[in-house]
Amino acid sequence: MSKQLMTTTATRPGDRAGDHDRQKTAARLGQALAQGFLQMDEYEQRVQAVFQTHTTGELKELLAGLPLDRIRRADPRRRAARMAAARRGVRIHLGAFVAMTIVVLTVWAAVAVTTGAAYFWPIWPILGAAIGLVSHALAIRPAVKSVVN
């Protein structure tokens, strides 16, 4: 079966639901409970129904009436992934800063040795790049604190 055919048929409401679909729906219901969108008795009823369903349409009905976008945005795993990506971005920025600093200092040293020029001009690109790096690192700090707290 072609990949395109599989993706289009997997979204039809009458398709059979697998264990992964049921677990995903149960996890969404658990997040809705944790965020206060469901009461415990309604949660229990819906979760029991999740594991008795046969189609994806029935699973969607069990999620009806819930603000799924708000629930997804508040998902702790999603927040953690965003923070990991932000930290990775700062590490990449730091690597680029170090590489640029090495290149600029190498050029300056080569010129200073061959011409005898003593003006330390690399301070300006290094200082400018350092300001950018510190700004980038500080910009993600408030988000890191909010995830930790």
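Visitor: Before anything else, what do buried, exposed and partly exposed mean here?
Guide: Buried means under 20% relative accessible area, exposed means over 50%, and partly exposed is in between, with a 1.4 Å probe and protein chains only. This is a predicted model, where local features need pLDDT of at least 70, side-chain atom pairs count only at pLDDT 80 or more, and totals for chains, interfaces and linings use all residues. Residues are numbered from 1 along each chain as its sequence is written, and side-chain values use heavy atoms, leaving out hydrogens and water.

Visitor: OK, is Trp 108 buried, partly exposed or exposed?
Guide: Trp 108 is partly exposed, with a relative accessible area of 22%.

Visitor: And how many aromatic pairs are there?
Guide: The count comes to one aromatic pair. Rings of Phe, Tyr and Trp (its six-membered ring) pair if their centres lie within 6.5 Å; planes under 30 degrees apart are stacked, over 60 edge-to-face, and the rest tilted. Trp 108 and Phe 120 are edge-to-face, 5.0 Å centre to centre with 85 degrees between the planes.

Visitor: Which parts does that pair tie together?
Guide: Trp 108 lies in helix α6 and Phe 120 in the loop between α6 and α7 (123–148), so the pair ties together parts 12 residues apart in sequence. Helices are DSSP runs (H or I, at least four residues), numbered from the N terminus.

Visitor: New topic: which residues of α2 are buried?
Guide: Arg 22, Thr 25, Ala 26, Arg 28, Leu 29, Gln 31 and Ala 32 are buried in α2.

Visitor: What follows α2?
Guide: Gly 36 follows α2, and its phi is positive, near 85 degrees.

Note on methods
Helices (H or I, at least four residues) and strands (E, at least two) are DSSP runs, numbered from the N terminus.
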